[in-house]
Amino acid sequence: MYNIYLFIFCVQISISSAGTRPYLRSDTPSSILSSDSDIRFTRKLGNQYRCSCYIASGFLVFLLLAGLTVYITYKYLPEENRQVRTFRGVFTVTKGDVFTMELADPVTDVYRIKARDYRESINLWLRRSELRPTFQYTDILAFDGEEGGHLVVHFNLYFNMRKIKISAKDVKQVLTRESNYLGNRTVDPLSIKLQEVKGDAHLGVSSTAKSAAELITSTPVSVPQRTCAPMELNYCNRYVANYTSYPNIVGHYNMEQVMDNVIIFRELVDSECYRLAQEFVCQLLQPPCSQNLILPCRSFCNEFWEGCGSRLPANLQDYFNCSQFPEYSAEGPPCLPKPGCGAEMETRGLSCDGVADCPDLSDETTCSHCSNGHLLCTASKACIHPSSVCDGVRDCPDGSDERLCLKLAPALTPADQIRGVQTKHYYTTGNVVYTEKGESGKLCVSNLNTSSISVGDNNSTLHSVALSLCRSLTFRKVLNIKVQTDTEMDARYVKVSNPNIPQISFVPSHCPTKEILNVECTQLECGFPVMRNKQGTEDLGKMASGGDWPWHVALFKDGVHICDATIATLSWLITTASCFQGQGKAEWIARAGSTRLISTSPWQQERHVMGMRKSPVEGSTIVMLKLDREFVPSDFVRPICLPSAGNALTDFSHCNTLGWARQRTMLQRVELRLAKMEQCANISITTVNSVCSDSFYSKEDCNVEELAGSPMSCLHMDGYRWVLAGVSNWRIACSKVGDQRPRLYDQIIPNIEWIKLTINS
C-alpha cells in the first residue's frame, strides 16, 4: 500500500510540472491514458523530480518508524522500567491501634489481616486525593513497635509519572492532612517520613520493620504537642475565639510567620470572590485552641473553592483541597461549620419548627420558645432550664430531658457538647457519669468493695450499676468493668449513697482516692426507636421526627442523593442492586441520622461505602454495602432487626416504607398493605423472591417520592421492635406515571442466611 501511495505521489508531481498547458481529455491521445503510457511517462522524469520523490518518501519512512517506536515503547516496555516511581514511607499510629508480637511475623493471620486493612485504607486515602491520576497501589512492608505501644507502619507507594510529576513532598502533604480513611485510628503527622526508592523497590525487603525502612528512620519519632496562644491577628477578631493554636494548616508555627503571609490572604478576601471568604481564611490561619487541628467543614470549603479556587496561588492550592477537610458528622472529627446557619434556615422558612437543621442548633435556640441559656429539647419545639435536666420530671414533650441521666463519657464535659439536653451519640466505653438537676459527676468507688471486681460477679453493686447503665443505653450486656484513677482536674464526683440496699441512688461527694468506674457495653439492641415514648405505631405521624426511623440511610453518589438503604449492623447496609446498575466508579457516601437532606442535622453521621456484595439467591436484587468504619450508636443512628429464617411475612404487622417529600425537604412514612401478586405481575416482572404491596393513601395524593433501596419495615410480634421485611427495587416517582408502578419489594427472609454469613465474615 505504501508503494502505491508513493507512485501516485510521484505521478502527480511529474504531471503538474510537465508543461504550462494541461492536457484535456478531448485532445489527449488514447495511448497517454493507458497504464503503459503512464508508466513510460514517469520514467522520463528529470533528476530534480526524482529528488523530490526521494525526499518525500524518506520523510514518510521516518514518520512510520517514529510511530512504530512510540507504539512498541508504550505497548511492550514494562511499566516498572519506564514511568513508575516508588516512595518508601513510615508513620506511627498513636491512637486506635497497638503493636503486638504477632504483627512482627508476616506469615500469621493477624499480620495478613492487619496489612490488608492498612493497604486498603491507604489506597482509598490517596485515590480520594489530588494524586489520584498518578497513584497505583500500596504495599505494606512490615509493622514495628513495642508490645502494647504505638504501631509503626512501613509501606511502599507506587506512582505512574506519565500523567503527573510528583515528589515525596507532594505525597507527604496528602498524608499529613487529617483523614477519616483510617477509621478510628490517629496517625501522628510528624511521624510521617517518605523517601524515593531507586531501583527495584521489591528487592531487599526483610520481614522485620527495621530493615524494611532503613532508608527512612529506625529511631522513635518525638511528637511535640500543639501549642495554644492568644489570638493576636486583629484582622480576624470578629470571627475566631480569643485563643488559637499552632501550627495551622499552612504550616505557620507562630504569629510572626502568619504575618509574613497574611497579605496574600487579604488580597484574596478583597477580591470579593466569596461572601464568607474572610471567615473561612481566619478559621484556617487561626484555628481554635485544641490538641488536634480543627478545620472548616468540607461543605464550607467547597463553597469557598467554587468562588475563590481560581484565584488561589499555586503554592496554596494543595492546602485548600476540600476533599481532605472533614465533613460534619456527629461523632467524627470536629469541624467548623459555615457561619450564619440559623439565618440561612430562617430565609428558607425552616427555623423554629422543632427540627434541628444546624449543627449548633442555632436555628432553634434563637427562637421565641427558647430563652437565653436554656437547652433545646431533642425532637420537640421547646427549651428548658439546665437545672430541669434529670430532675425526675418530664419537662420536654419528648421526654429527652430524662434520658441518659446515667451514661458513659470520656470527660464530664465532652468536646462535642451542644446547647441541647442530649449528647450527639452514645459512648460504648468510658467513665460512668451521673447527672441530676443539670449537675454531672463521675462515680467514685472509694466506698465500694473493688477487691474482687469482675464482669461475672452479678451480685456486686458495681455490676448492678454497670448493667443498669448499659441497658439504659439499649445494650444487652456488660463487656468490661474496671476501676481507674481519674486524671481530669477539678472534676465533680458522686457516690452510691447506700451500697447495702437493692435500690441504688447517688449523692454528690468528694473523691480523695480519685478512683472511678470505667465500663464497656456490648450487643446493641436492634429495631428500637428509643426517642419514641409510645409502643408500636401509636401516635406515629406521617412526617418523620428525629429518631423515629434511626436505621434509615440516604446514599449519595458524588454528592447527589441517588438511593436509600437500611442499617443492618453498624458497619453493613442493605439496599438494592438497582442503585448501581450502569453506574461507573464514583464516591458513595452513606448519611444516617437525618430526616431533612437540605440541612445538616447535629445527629447525622456520614461514612464512605467501601464495597458491595450481591445476594446469591435466585431472583433477588438485594446487595450489602460495607462501610469504611462503623456508625457510632445513638438515639438517631442504630440498626433495624432482621427476621429469622423461619419467619413469614404474615408474622409481622403494620408494614411501612419511607420516602421523601418533594424537594427532599422531609422524610415521610408511607403505610403499606400486602397485595396479590397478580396486581404487580400485570405491570412488572416478578420473581419468587418478590412481594407485592400497595399504599393505604390514595394514588391522587402524591406527596412522597420513594427511592430505590427504601425499606419495607414491619412491626415485630412483640409490638416494640421493627423488622426489615423487604427492600424496594426501584424509585416510586411522585407523578401519574410513577403511581402506576407497583410497590414491589425483595423479601429479606430468603436472604437471611447469606446476610448473616456476610456480616459474620
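The model is predicted, so local features need pLDDT of at least 70 and side-chain atom pairs count only at pLDDT 80 or more, while totals for chains, interfaces and linings use all residues. Residues are numbered from 1 along each chain as its sequence is written, and side-chain values use heavy atoms, with hydrogens and water left out.

C341 forms a disulfide with C358, the sulfur atoms being 2.0 Å apart; a disulfide here is a pair of cysteine sulfur atoms within 2.5 Å. The torsion about this S-S bond is about -95 degrees, so the disulfide is left-handed. C341 lies in helix α11 (residues 341-347) and C358 in the loop between α11 and α12 (362-365), 17 residues apart. Helices (H or I, at least four residues) and strands (E, at least two) are DSSP runs, numbered from the N terminus. C358 counts as buried because its relative accessibility is 0%.

The structure holds 15 disulfides. One of them joins C301 to C322, both of which are buried. Its S-S torsion of about -75 degrees makes the disulfide left-handed. Another disulfide joins C390 to C405, with an S to S distance of 2.1 Å. A torsion of about -100 degrees about that bond makes the disulfide left-handed. Both cysteines lie in the loop between β11 (383-384) and β12 (406-409), so the pair ties together parts that are 15 residues apart in sequence.

Next comes the sheet. Six strands form a closed barrel in the order β19-β20-β21-β24-β23-β22, with antiparallel pairing; two strands pair if DSSP finds at least two bridges between them. The twist averages 45 degrees from one strand to the next, where axes are lines fitted to C-alpha atoms, for helices over the stretch in contact, and angles run from 0 to 180 degrees between N-to-C directions. Strand β19 (residues 552-557) pairs with β22 (residues 588-592) over five bridges, and K557 stands opposite W588 in β22. Helix α16 (residues 752-760) packs on the sheet, touching β20, β21, β23 and β24.

The largest nonpolar core has 73 residues, and L555, L573 and V432 are among those with the most contacts inside it. Such a core is a set of buried Ala, Val, Leu, Ile, Met, Phe, Trp, Tyr and Cys residues joined through side-chain atoms within 4.5 Å. This core draws at least three residues from each of domain 3 (404-448 + 460-524) and domain 4 (552-760), with bounds from an automatic or database domain assignment.

Definitions and conventions
Contact means heavy atoms within 4.5 Å. Buried means under 20% relative accessible area, exposed over 50%, partly exposed in between (1.4 Å probe, protein chains only).
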